[in-house]
Amino acid sequence: MGKTNNLVIVESPSKAKTIGQYLGPGYTVKASMGHLRDLPKSKMGVDIEHNFAPQYIPVRGKEALIKELKTEAAKADTVYLATDPDREGEAISWHLKELLNLPDDKAQRVTFNEITKKVVKDSIQHPRDIDYCLVDAQQARRILDRIVGYELSPLLWKKVRRGLSAGRVQSVATRMVVDRENEIRAFQPKEYWSLDVTLNRVGKPGSFVAHYYGSPKKRELENEEQTNAVIADITGKEFTVTDVKKAEKKRSSAPPFTTSTLQQEASRKLGFTPKKTMMVAQQLYEGVEIAGEGTTGLITYMRTDSLRLSDEAMDAAADFIRARYGKDYYYGSHHVFKTKSGAQDAHEAIRPSHVELEPERVKSSLTTDQYKLYKLIWSRFLATQMANAIFDTVSIDTECAGHVFRASHQSMRFPGFIAVYEEGRDDDGEAVGSPLPNLAAGDKAVSTKNEKAQHFTQPPARYTEATLVKAMEEKGVGRPSTYAATVSTIQDREYVIKQDKRLAPTPLGEIVTGLMVERFNDIIDVEFTANMESRLDAVEEGKQQWQSLLSEFYDGFSKELKDAEEALEGVRLKVPEEETDEVCELCGRKMVIKTGRFGRFLACPGFPECRNTKPLVERMPGRCPKCGSGMLKRKSKKGYAYYACEKGQECGFMTWDVPTAEDCPECGQTLFKKAGKGRNKTFCINENCSKFLPEDQRGYYKKKTAENAEAAEPAEEAEQKPKKTAAKKTAAKKTTAKKTTTKKSTTKKKEA
């Protein structure tokens with residue numbers, strides 16, 4: 001029997017390298033580098049009149065790669081199309097089959113949920129045909145987005161500004177940010193008061209703080225008058241303990257990661273953007289060179305909405321937990337999480353491929369970002385199979401003059417999964433309270449201190465990238481493969497900007513959203529978009545014909561487009577300028593924010609009479625230690641952030657240290673902290689303060705200057721150094737002379 005020659009085509013070179021090592025001789029593994037065939041960029045490329053027929057062409061610039069793959073495919077006995085295991089990967093495999101003219105019996109589709117030697121070899125042994133329902137679902141999505149983008153964007157160019165774009169999902173995501181901003185603007189704060197009393201037990205040691213609860217039913221103190229009335233009622237009177245509740249509280253681990261929750265947690269705990277999270281996760285999935293292990297795929301496929309875990313993975317986690325932490329820390333059986341209804345559930349949840357490859361074991365082989373994300377995924381997965389955390393809780397109600405005050409406390413009895421991992425939160429965590437004395441019903445106490453405080457309800461917070469992804473998932477806008485790209489796109493288009501790590505709409509984003517809401521309400525409607533995602537899922541399941549879906553959509557869309565063009569005839573929407581408090585020093589006008597080729601900047605609104613511009617700066621908390629003015633964040637010519645007084649040269653103060661909102665308890669000046677992620681320790685830079693921390697003790701790396709280096713050198717070496725330099729200069733002159741002579745000689749020969 002002759003030697004077999006098989007071709008395996010994957011999407012990326014790193015994946016090709018990993019799989020090539022696993023398969024060995026007889027298999028040639030090549031990378032397609034993504035799509036090799038797509039709709040043209042210069043025109044729509046969709047024949048709407050003829051059943052939405054797409055016009056695919058080879059991707060420009062990939063001619064040499066296509067030729068190489070055709071040559072390799074012609075020599076191969078079997079071509080395994082091993083692109084990513086999702087709709088887009090299926091479509092890429094289909095495009096490869098068409099582009100390389102592969103007959104059905106020669107083209108075999110294989111997918112890898114994890115890139116391990118066992119899974120890769122098993123998958124190659126069990127290939128399948130291309131799933132055309134998946135291909136159709138991807139085609140329908142691609143053509144939908146192409147129609148919306150290519151027919152709607154020109155309208156935005158004519159009515160708002162050239163170069164704008166609209167998209168089915170990105171426009172809805174922008175609207176969500178705009179709607180949240182409008183909620184914040186419309187919010188009316190409501191006053192309320194809190195009242196705490198410090199109670200001392202009568203006849204026994206021990207004090208505790210109790211919070212006003214009600215009279216006796218739960219009640220909120222709405223103003224200072226009500227608060228003062230309660231204080232008047234309880235002043236000088238005894239408190240009686242009316243109820244003591246002790247209980248055991250169990251807390252289960254969070255479920256394993258989906259694409260959405262991974263992006264959210266990486267944002268909270270690591271400060272990663274969704275785009276960065278997916279890029280690093282892709283590297284971990286495709287394979288990393290691990291010392292002693294070779295090239296290894298460290299995690300399962302990272303685009304998933306499923307909470308399902310394989311029995312094999314849960315068994316491995318159980319063995320690891322019992323061996324490392326003891327049997328008490330194991331959940332006791334497979335901890336299975338239910339995937340939410342409506343999820344595609346095509347792949348497992350995101351988990352480590354080999355739980356025995358602990359983060360610390362592979363740390364030396366990973367980049368810093370790879371290590372951080374791998375540790376997050378590994379810890380979360382292991383925690384899912386660990387025992388519940390157990391807490392002891394106590395709640396004490398005390399009564400005085402008909403008013404109930406409550407104190408509570410929670411202490412951990414058994415950490416369980418918390419020994420490995422605890423989920424981050426977007427809001428404030430649950431208060432555990434201070435430890436309480438051992439009280440019983442009927443015990444007496446007296447108040448030694450009352451503390452009242454005024455509060456106001458707060459508007460909903462602006463979205464962070466993580467909470468926007470969470471909201472998109474909850475509302476059914478987009479799918480795991482689109483979250484990161486959507487959040488990135490709306491910022492790249494400058495419909496949304498990030499301020500203090502939160503997303504705010506720009507005037508441009510609000511104008512475009514307003515136009516879309518008025519004229520294209522279906523496209524920008526959250527419910528409509530979520531329903532469209534469900535219909536695309538139906539195409540994937542073979543329940544909906546993709547051309548009919550497009551036809552139904554286009555009938556309504558084309559009518560809205562025509563109506564909008566007629567209604568906006570002769571209308572040009574002006575994007576309002578963002579006015580700032582920065583004053584133009586040349587003419588005294590308040591400067592505005594404009595957008596140019598290199599991003600946003602400050603400009604004088606008096607253009608062209610006044611052409612003053614400035615870089616856009618961020619206002620920081622704290623005060624200038626020199627003159628007490630505000631602090632601004634600026635960038636040096638090399639792009640490094642520094643912090644300076646808002647008065648500029650008039651004051652002259654600047655520092656590399658970051659100003660904080662905290663004041664020094666000794667001198668009252670603003671405290672600073674060292675720049676960099678995770679740097680939270682504050683210090684005082686006032687030289688006259690007892691808390692002053694000298695610059696050389698703040699932990700910064702000091703570069704050796706020429707003077708320092710010479711000062712550190714022995715005298716003999718310092719004396720020899722100029723001689724060496726002089727010798728080098730002499731040698732350099734000789735070399736130059738030789739080159740010149742040679743060049744002249746060559747020139748003479750040519751003339752001859």
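Me: Which residues do ring pairs link into a cluster?
Reply: This is a predicted model, where local features need pLDDT of at least 70, side-chain atom pairs count only at pLDDT 80 or more, and totals for chains, interfaces and linings use all residues. Residues are numbered from 1 along each chain as its sequence is written, and side-chain values use heavy atoms, leaving out hydrogens and water. Rings of Phe, Tyr and Trp (its six-membered ring) pair if their centres lie within 6.5 Å, and planes under 30 degrees apart count as stacked, over 60 as edge-to-face and the rest as tilted. The cluster that ring pairs join up is F52, F520, F528, F553, Y554 and F557.

Me: What is the angle between the ring planes of Y325 and Y329?
Reply: Across the structure there are 15 aromatic pairs. Y325 with Y329 is an aromatic pair with centres 6.0 Å apart, and it counts as tilted, with an angle between the planes of 40°.

Me: Is Y329 buried or exposed?
Reply: Buried means under 20% relative accessible area, exposed over 50%, and partly exposed in between (1.4 Å probe, protein chains only). Y325 has 28% relative accessibility, so that residue counts as partly exposed. Y329 has a relative accessible area of 19%, so this residue is buried.

Me: How many residues apart in the chain are F520 and F557?
Reply: F520 and F557 form a tilted aromatic pair, with 6.2 Å from centre to centre and 40° between the planes. Helices (H or I, at least four residues) and strands (E, at least two) are DSSP runs numbered from the N terminus. The pair links distant parts of the chain: F520 is in the loop between α15 (507–519) and α16, F557 is in helix α17 (residues 546–567), and their separation in residues is 37.

Me: At what angle do the axes of α5 and α16 cross?
Reply: Two packed helices are described by the angle between their axes and the distance between the axes. Axes are lines fitted to C-alpha atoms, for helices over the stretch in contact, and angles run from 0 to 180 degrees between N-to-C directions. The axes of α5 (residues 132–159) and α16 (residues 526–540) come within 7 Å, and they cross at roughly 150°.

Me: Which residues of α16 does α5 meet?
Reply: Contact means heavy atoms within 4.5 Å. From α5, the residues involved are C133, L134, D136, A137, A140, R141 and L144, and from α16 they are M532, E533, L536, V539 and E540.

Me: How many charged residues are in the contact of α5 with α16?
Reply: Ala, Val, Leu, Ile, Met, Phe, Trp, Tyr, Cys and Pro count as nonpolar, Asp, Glu, Lys and Arg as charged, and the others, Gly among them, as polar. By class, this contact has eight nonpolar residues and no polar ones, and the number of charged residues is four.

Me: In what order do the four strands of the open sheet lie?
Reply: Two strands pair if DSSP finds at least two bridges between them. Four bridges join β1 (residues 6–10) to β7, and three join β7 to β8 (residues 107–109). The pairing in the open sheet is parallel, and the order is β2-β1-β7-β8.

Me: Which are the edge strands of this sheet?
Reply: The twist from one strand to the next averages 25°. An edge strand here pairs on one side only, and that describes β2 (27–31) and β8.

Me: Which residue of β8 stands opposite L81?
Reply: In a regular strand the side chains alternate between the two faces of the sheet. In β7 (residues 78–81), T78 and Y80 on one side and V79 and L81 on the other are all buried. V79 stands opposite L7, while L81 stands opposite R109.

Me: Is Q108 buried or exposed?
Reply: Q108 lies in strand β8. Leaving aside residues up to four places away in sequence, Q108 touches T78, V79, Y80, L81, P127 and R128. With a relative accessible area of 18%, Q108 is buried.
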